[in-house]
Amino acid sequence: MTSIGTGYDLSNSVFSPDGRNFQVEYAVKAVENGGTAVGIRCKDGVVLAVEKIITSKLLKPGANRRISTVDRHVGIVSAGLAPDGRHFVSRARDEASSWRSVYKGPIPISALANRLGSYVQAYTLYSSVRPFGVTSILGGWDSEAELAVDGQVGSGPQSGAGGKVKGAKSGGPGLYMIEPSGLYWGYYGAATGKGRQAAKAELEKLDLASEKLSLHDAVKEAARIIYVAHEDNKDKEFELEMSWISSLEGPTKGRHEEVPKELLEEAERAARRALEGDDEDEEEGAKGNEQMEE
Amino acid sequence: MVASHGLTGMLGEDGIHVDMNHLKSGEVNLGTSIMAINFKDGVILGADSRTTTGAYIANRVTDKLTQVHDTIWCCRSGSAADTQAVADIVSYHLNMYSIVNNEAPSTQVAGALFQELCYENKDMLRLVLFVNWYTGIGHLIYRCSAGIIIAGYDPRHGGQVYSIPLGGSLHKQAYSIGGSGSTYIYGYCDANWRENMTEEEGIQFVRGALREAIKWDGSSGGVIRLVVLTAKGAQRHLYLPDTDYTGPGATY
Amino acid sequence: MNHFPGTWGRPRDDVYGPYDSSYLRSTGPKAHTQSPAVTGTSVIAVKFNGGVAIAADNLASYGSLARFTDVKRLRVFGDAAVVGFSGDVSDMQYIDRLLESMDIRENYSAHGNQLNAKNLHTYLSKVLYKRRSEFNPLWNHILVAGFDGEKKPFLSSADLLGTTFSAPHLATGFGAHLAIPILRRLFPEERPIEEITKEDAIKALKECLKVLWYRDARSLDKYSLAVITQEGIEVQEDQQIEAQSWAFAETIKGYGAQTV
């Protein structure tokens, strides 16, 4: 890096003469070493997936989850330093609960992304702290139903006004990615971590903006993309961890939940088949699968 | 003069004796008739215009319908000072909400904020100590110190009516009546209420109900003010007692 | 008006004499809620073979005024418990939110354990006791119905002082006076719970609600009923008290000697 020896990279919050904050860029390097994480936003829900690298044979398979729930309707997955990711999730939970205590309802995904973006950005402003070593993908579902005030009693009129307006569009999926600089955007498909380039290339092929992909197919695509992204990191074993949030009519009823075991395994089988089809020379499927079935 | 007050009240940092009970007993109150209803295209809020201090009418043309956001309004009953303060705080928060979230707040959000303030400060907003200045005999009297009805229109939920009575509970209702005058019109409203009324029918209903409340409640009186909230925004109406509340009707 | 704001709004001492402040204790302790405002009346519940049934009417009174007639006082917690509230409605809403935030927190750890009715009752009784010890009680008497850790039917009460009490059938408010004697006669203590069917329990609750409707001046003939079994929680709201007995009024004439 050009910064080596110049001294402008030693303290956070200090700009280099050409306007860069090197500590933030180094934080991005930490992210680039982390297991790949992806998020896919469909019309009827959001899928999160992460390539969890097995760092020790002594770790219990399926334990040490990397995707966390915030409130009931949001999931967060991070690539980079796991402890930073956990602190980030803890902050997200506090934000969601503080929103609830004031407004008596679930925090909108966009508002949560905004608050977390501001939080992460603050860690680029002070020399006494270091930036977050994670890029986090935030997926959730804003309820499309008529929102009640928490603890509400009474129900208003039986018909007509005083409830949800017929045909009024509201709620829906939300997917955001927040980087160590505090920068965040809303995405149709997001990828971060070591295999992000391959994953992004795959996400772009899906034409997510047309919103034709169903949530179930998105689960399979997410699994496949993690497997594709793992191709460049084959010396390490991994576990695939996936979660989803569907619409109220869908399988999770607007809640963030783990993808059910059967569906996850089906998606993994399909992912391995797709990889074999792509490349005949490849060894048969990742060993990660055997781990899962223990 | 000041020294004689050493017997009562709390000595503030600045040496001024503050005695809430003395302040409260001289308070201006909205002995009131207020209501809000759902109708086909939105909501209608209504109120009389009388403000009293004891039996004296301190203001005969009060506006008890307060805007807290573009199409979220409230009817205030109880202590004028308390409810104005609460409405001002909610108004500030809703304003901030729309700026920060780049989206107009729903009526639910307004209801939640009103409730939080009324519930957490219920001790300050409820009991009023009446003291006869000259005998010094005090007695506690329940008085509607903050009874608020919230009505709003938003494109997602349409019109909605919420009521926050004394303890600070929040009730979603088809229509809501409040204030001292409301006790005289429970029968009228229950008998005449219909869902999905047209705007014209809704106005008739509110005006008819408030007319009765004003007739029987000494603490209610003056003019009838209405606000109609629909997708088109807020429109005020005014009805005067000397025309038996027939007009002038919609003002701007 | 003078330069002593402390005297503003007061009668002049030189004219009326100093104010007799002995009637005021404004420097006394801070006063919290001393009474409820909008209230719900009785909650009643019975254990039966394999579950618990609980019921409450849909009324929130404001003094003697039947102010809100669509208030659901049975609150479902997760898929494990139902809490029935009598007393102040604003405090009920507060507790409801407290439980909701706890439910959200509990689901963060994916251990799969859920708080059962017994855990919930322990927690709530401690919240209630803490608040009464701060002289700021939550003005409720609650019944918690569901299952305990051993999957056995659980029913217990907690009041605004934090007092707890368990029995095969419980009632709060007027129900403690009117419903409990009926339930005791129907289900004597020596009769094992295993002999009581779900239908027996529901029928008994409906009978008690009817008596409460006859005799509790703060009650309503619309009610909610929840049945908790291992299969899950069934809640029926907007129920109507049926098979009432009023026609005999025709035979009542005068108040003594009168016969026409």
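1. In this predicted model, B:Phe114 touches B:Val68, B:Cys74, B:Val86, B:Ala87, B:Val90, B:Ile148, B:Ile150 and B:Ile164, once residues up to four places away in sequence are left out of the count. B:Phe114 is also, together with A:Leu138 and B:Ile150, among the residues that touch the most other members of the largest nonpolar core, a set of 43 residues. Apart from this core lies another, of 31 residues, which includes A:Ala191, A:Leu203, A:Ile225 and A:Met242. As general background, nonpolar side chains in soluble globular proteins tend to be buried together.

2. Turning to the interface, 26 residues of chain B are in contact with 29 residues of chain A, and the area buried between the two chains is about 2,100 Å², with carbon and sulfur atoms giving 53% of it. On the side of chain B, the residues that lose the most area to chain A are B:Arg156, B:Lys172 and B:Glu195, which together account for 32% of what that side buries.

3. Between the chains, 9 residue pairs are in polar contact, counting pairs with both residues at pLDDT 80 or more.

4. The elements of chain B that each supply at least two residues to the side touching chain A are β4 (34-39), α2 (80-101), α3 (107-120), β13 (158-164) and β14 (171-173), and the largest share, 6 residues, comes from α3(B). By class, that side of chain B has 9 nonpolar, 12 polar and 5 charged residues.

Note on methods
Residues are numbered from 1 along each chain as its sequence is written. Chains are lettered from A and ligands numbered from 1 in the order in which they are written. This is a predicted model: local features need pLDDT of at least 70, side-chain atom pairs count only at pLDDT 80 or more; totals for chains, interfaces and linings use all residues. Side-chain values use heavy atoms; hydrogens and water are left out. Contact means heavy atoms within 4.5 Å. Buried area is the accessible area (1.4 Å probe) that two parts lose on being put together, summed over both. A polar contact is a pair of N or O atoms within 3.5 Å; within protein, one must be able to donate a hydrogen and the other to accept it, and residues adjacent in sequence count only if both atoms are side-chain atoms. Helices (H or I, at least four residues) and strands (E, at least two) are DSSP runs, numbered from the N terminus. Ala, Val, Leu, Ile, Met, Phe, Trp, Tyr, Cys and Pro count as nonpolar, Asp, Glu, Lys and Arg as charged, and the others, Gly among them, as polar. A nonpolar core is a set of buried Ala, Val, Leu, Ile, Met, Phe, Trp, Tyr and Cys residues joined through side-chain atoms within 4.5 Å. Buried means under 20% relative accessible area, exposed over 50%, partly exposed in between (1.4 Å probe, protein chains only).
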